[in-house]
Amino acid sequence: MEKKKLNKTTKSNLITYGMVLAAYLIVQGMIAGNLLSNLMQGLLVPLCVYIILALSLNLTVGILGELSLGHAGFMCIGAFTSAAFTKATMDTFTNAGLRFFVALIIGAVCAGIFGFLIGIPVLRLKGDYLAIVTLAFGEIIKNIINVLYVGIDSNGIHFSMKDQMSLGMEPGGKMLISGAMGITGTPRQSTFTIGVVLILVTLFVVLNLINSRDGRAIMAIRDNRIAAESIGIDITKYKLKAFAISAALAGIGGVLYAHNLATLTALPKNFGYNMSIMFLVFVVLGGIGNMRGSIIAAVILNLLPELLRGLSDYRMLFYAIVLIVMMLINWAPKAIEMRERLFSKFKKKEA
Amino acid sequence: MSSFISYLISGISLGSVYAIIALGYTMVYGIAKMLNFAHGDVIMVGSYVVYVAVSGMGLNPILAILLSIIICTLMGVVIEGVAYRPLRNAASPLAVLITAIGVSYLLQNVALLIWGADTKSFSNVISLPSLKLAGGSIVITGVTIVTIIGGILIMAGLMLFISKTKTGQAMLAVSEDKGAAQLMGINVNKTISITFAIGSGLAAIAGVLLCSAYPSLTPYTGAMPGIKAFVAAVFGGIGSIPGAFIGGVVLGILEIFGKAYISSQMADAIVFGVLIVVLVVKPTGILGKNIQEKV
C-alpha cells in the first residue's frame with residue numbers, strides 16, 4: 001500500500017477536527033451514561049456559541065491583525081434576523097430542520113453584509129481606531145434593536161422605531177421584534193449536535209481560508225501593510241473579505257444562540273461590550289492566531305467557574321488578569337528575551 | 001425657547017466633563033501613542049475615593065478631591081509602569097491595546113469586589129448657589145458653572161504647560177519622535193510617566209464633576225464616558241488639546257439634544273454615529289494633523 005504523507009498544516013488541522021469530534025463523542029457518552037447534570041447539559045449549546053465566536057474573532061485578531069470589539073454586535077444581528085425569520089415562517093414553513101437551515105443562512109448572510117458595510121469605512125483605519133469603531137458599532141446595533149418594532153401581516157412587513165401601535169398592523173398581524181422585549185416564542189431548536197456541526201463548519205471555513213492564497217495575502221497585510229501593497233495585494237479587498245467572513249461566522253454563532261433561547265433580548269448582558277471582551281479573552285488565552293487554542297481556552301474558561309463554584313465571583317477578575325498577564329508574557333520584548341534565555345539554558349543541559 | 005437654552009447649557013456642562021476626560025486621553029494618545037482604555041475606569045475609581053472620603057470618613061470635600069487626585073495620579077503612573085511600559089516596543093500594536101482593555105476590566109472588577117454592584121448615590125461636593133437667568137426660567141446650577149470654568153482653565157493650563165515648561169516641551173518632542181527625543185537627552189520613560197500622571201489626575205477631577213452632575217456611582221460609571229471622551233478626542237483631532245476641548249463640548253451638546261429631541265434611547269447611538277462619520281470623512285478630526293505613513 002502506498003503511504004501518503006500528510007503535510008504539517010493538514011496534520012495539525014486534522015488534529016483540531018479530531019479533537020472536536022472526540023470531545024463530542026465523550027460528551028455524548030457522558031449524557032448517555034447520565035454522568036452530566038441537567039445544568040451542565042444546558043451549558044453545552046452556549047459553549048458551542050462561544051467557541052464559534054472565539055474562532056470568528058481569532059480570524060479578525062490573529063489572521064487579519066485588527067482588533068474587533070464589536071463581535072457581539074455581529075452575533076446580535078445573526079441572532080435577531082434568524083429568530084425573526086423563524087418566527088415569521090413558523091406556521092407556513094413546516095419542515096423544522098430545513099427552516100433552521102434557512103435561518104442559519106439568513107443570519108450568516110445578514111451579519112456578513114453588515115460586516116462588509118461597516119468594513120468599507122472602518123478598514124481604512126487601523127489598530128486603535130478600528131477597535132473603537134467596532135465597539136461603537138456594537139453599541140449602535142444594540143441600541144437600535146432595543147427600539148425597533150417589526151411586525152408582519154398580510155400586507156407585508158412593518159417597521160417602526162417608536163412603538164407597537166405605530167406599526168399600523170392588521171388585527172391578525174404577528175409581532176416579530178417588540179423593541180426592548182425582543183423576540184419571544186422562538187422554537188428552541190439548537191442542540192449540542194447542531195452546535196458541534198457548526199463548530200466544525202466554522203473551523204473548516206477558517207482553516208481553509210488561512211491556508212489559501214487569500215489567507216496568505218491577508219496575513220501578508222497583517223505583517224506589513226506597505227510591503228504587501230507594494231507586491232500588488234489589494235489591501236481593501238482582502239481586509240474586507242476577512243472581516244465579512246469573520247462577521248458572518250459570528251452571525252452563525254448568533255443563530256445558534258437565538259434558537260437556544262425562548263426569549264431573545266438585546267440586553268448588554270447578551271450582546272454588550274462585555275461579551276466582545278469575553279471572546280477576546282478566549283482568543284488571547286488560546287493564543288492569537290491559533291484556532292485550536294481558542295477552542296481549548298473557551299472550553300476551559302467556561303468549565304472552570306462551573307467546576308469551582310467558589311470561583312464564579314472572581315470570574316471577571318480572572319479574565320482581566322488573563323488579558324494582562326498573557327499579553328505581558330507573550331509580547332513584552334523583555335519577557336521574550338528572558339524566555340529565550342531560559343530555553344537556551346535547558347537546551348544546553350540536554351546537550 | 002427657554003427649554004432649548006437649558007438643554008444647551010446642560011449640553012455644554014456634560015461636554016465640559018467629556019472635554020476634561022478627552023484632554024487626558026488626547027495627551028496620553030499623542031505622547032504614548034496608545035489608546036488607554038482604562039482612562040474611563042480611573043474616573044470611576046476617583047469618584048469612589050471621593051465618595052468614601054466624604055460619605056464614609058466625613059472628610060472635607062476639597063481634601064477629598066485632593067486625595068482622589070493624588071490616588072488617581074499614582075494609579076496612572078503605576079498602571080503605565082506595570083502594564084504598558086513593558087509592551088511599548090512590542091512587535092504587535094494590538095498587544096498594548098489588549099492589555100489596556102485588561103486593565104480597564106481589572107479596575108471595574110476590583111471596584112465591584114470592594115464596593116459592590118449596587119448604585120451609590122454620590123452627594124454633590126460642590127456647594128455653590130445656582131444662577132437664575134431670564135426671571136428664573138433658566139437655572140444654571142453651581143456644578144455646571146464650576147464644570148465649564150474648570151474645563152476652560154484646565155485646557156488653558158495644559159496649553160501653557162506644554163508650550164512654556166521644559167517638561168511640556170519634552171512631551172512634544174517625545175510625541176514627535178521617541179528615538180530622537182532620547183538622543184537629545186530626554187528621559188522618555190519619565191516623560192510618558194508624567195503624561196499618565198497628568199491624564200489620570202485630570203480623570204479624577206472629571207470623575208468628581210461627572211458624579212456631581214449625575215449622582216449615581218457604580219463600577220461601570222466610567223466606562224461609557226471614557227469611550228465617549230475618546231470619541232470627542234478623535235472628533236477634535238487626536239493629540240490636539242484645543243481640539244479635545246471643542247470635541248468634548250460639541251459631543252456633549254449633541255448627546256443632550258439627541259436625548260431631548262430625537263430619542264433618549266438612541267442618544268448613545270447618535271454619539272457613536274458621529275464617530276463613524278468623522279472617521280470616514282476626516283479621520284484626523286477637526287484640528288488634527290495629517291501624518292503620512294512612510295516605509
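Colleague: How many helices and strands does chain A have?
Modeller: The secondary structure of chain A comes to 15 helices and 5 strands. Helices (H or I, at least four residues) and strands (E, at least two) are DSSP runs, numbered from the N terminus.
Colleague: What should I know about the model itself?
Modeller: This is a predicted model: local features need pLDDT of at least 70, side-chain atom pairs count only at pLDDT 80 or more, and totals for chains, interfaces and linings use all residues. Residues are numbered from 1 along each chain as its sequence is written, while chains are lettered from A and ligands numbered from 1 in the order in which they are written.
Colleague: Why is chain A called as compact as a globular protein of its length?
Modeller: Its radius of gyration is 22 Å, close to the 20 Å that the globule rule gives for 351 residues, so chain A is as compact as a globular protein of that length. The radius is taken over C-alpha atoms, and the rule is 2.2 Å times the number of residues to the power 0.38.
Colleague: What share of chain A is buried?
Modeller: 45% of the 351 residues. Buried means 20 or more other C-beta atoms within 10 Å of the residue's own, with C-beta atoms placed from the backbone.
Colleague: And for chain B?
Modeller: There, 53% of the 295 residues count as buried. Chain B has 11 helices and 4 strands.
Colleague: Now helices H5 and H6 of chain B. At what angle do they pack?
Modeller: About 80°, with their axes 5 Å apart. That makes H5(B) roughly perpendicular to H6(B); the term covers 65 to 115 degrees.
Colleague: Which residues meet there?
Modeller: B:Phe161, B:Ile162, B:Ser163 and B:Lys164 in H5(B) meet B:Gly168, B:Met171 and B:Leu172 in H6(B).
Colleague: Last one. What does A:Phe282 touch?
Modeller: Leaving out residues up to four places away in sequence, A:Phe282 touches A:Tyr50, A:Ala54, A:Ser294, A:Ala297, A:Ala298 and A:Leu301.

How values were computed: Axes fitted to C-alpha atoms, helices over the stretch in contact; angles between N-to-C directions. Parallel < 35°, antiparallel > 145°, perpendicular 65-115°, else oblique. Contact = placed C-beta atoms within 7 Å. Buried ≥ 20, exposed ≤ 12 C-beta atoms within 10 Å, placed from the backbone.
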